[in-house]
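User: I'm new to reading protein models. Could you walk me through a few features?

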Amino acid sequence: NNQPRAYTLACFKLKMRIAVLLLVASSFLESLTYAFVVPRILPPPVALTTKGAPKPRSSTIVGSAKIIPVAYASTSAALLWRATKVFSNVEKSVLVATSALSLLNFAPSDNTRLASAKTAYKNTPPASSGRAKQERQAAKTWRLVVRIKIIGQIVGLFSMVGAKSSIGVMRGAATIMAANIAFILCGGGGSNHDDDGKWNPLSAATSNRIVIQCLLFCTV
C-alpha cells in the first residue's frame, strides 16, 4: 500500500516541478515574443471624415491604468504570504514563481497592453469600408481580448491565493494559462497593437507557438 502511495506522491511532485518550469518559461517566452516581434509594413490608412464618433468607454474593472499594478501587486504579496504557510517545497516554488510573474511580468506588460488598447480604440474612428474598417475592427478586438486576458489572469491568481489544496493551486495556475489561450484564440494575435497603439499583427506561427506553450502547461 505504501509503494503505490509513494509513487503517486512522486509523480505529483514531478508534475509540480514541470509546471513551475513551464509557467516561468511560457511567460518569459511570451514576453520575448512581443518584445522582438517584427513590425509589418502596412499600407497607409484611408483618410475618412467621421461625425459624431462615440467616445471610448472603459470597463470599471480594468479601465484605469492605476488598478492593474495594484491588483497584480496585491496578489503577488498574497501568494508570497501563502508560500510561507505551506510545507511542500514544490508547492512553495509554484507560489513564489507565480508571485514573481504577477509583479514583474503581468503587471507591466498588461498595463502597457491596456494603454495600447485604449489608444488604438481612440485613434480609429468608426468606418464602413476599406482599410479604415479593418483597423477599427482590429482595435475593437484588441480592446476586448486584452480585457479577457487581464480578468482571466486576475481570477486565476485569486484562485491560487484562496486554494485549499495543491490541486487548487494548480487549477488557479491553469486558469491563468487558459486566459492566455483565450487571448490568442479570440484574436489577440491578429489584432495585436504595439505600445503606441498601432496595429501590428503577429504571424500565425507566433500565435500558434504561444497557444502550444500554454496548452503544455495546462496538460501537466
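Analyst: Let's start with a helix pair: the axes of helix 4 (residues 130–162) and helix 5 (residues 166–188) come within 7 Å and cross at roughly 175 degrees. Axes are lines fitted to C-alpha atoms, for helices over the stretch in contact, and angles run from 0 to 180 degrees between N-to-C directions. This is a predicted model, where local features need pLDDT of at least 70 and side-chain atom pairs count only at pLDDT 80 or more, while totals for chains, interfaces and linings use all residues. Residues are numbered from 1 along each chain as its sequence is written, and side-chain values use heavy atoms, leaving out hydrogens and water.

User: Are helix 4 and helix 5 roughly parallel or roughly antiparallel?

Analyst: Angles under 35 degrees count as roughly parallel, over 145 as roughly antiparallel, 65 to 115 as roughly perpendicular and the rest as oblique. Helix 4 and helix 5 are therefore roughly antiparallel.

User: How many helices and strands does the protein chain have?

Analyst: Helices (H or I, at least four residues) and strands (E, at least two) are DSSP runs, numbered from the N terminus. Here you get six helices and zero strands.

User: Is Arg147 buried or exposed?

Analyst: Buried means under 20% relative accessible area, exposed over 50%, partly exposed in between (1.4 Å probe, protein chains only). Arg147 sits in helix 4 and has 10% relative accessibility, so it counts as buried. Across the protein chain, buried residues make up 41% of the 220 residues.

User: How far apart are Arg147 and Phe183 in space?

Analyst: From C-alpha to C-alpha they are 8.8 Å apart, though 36 residues separate them in sequence.
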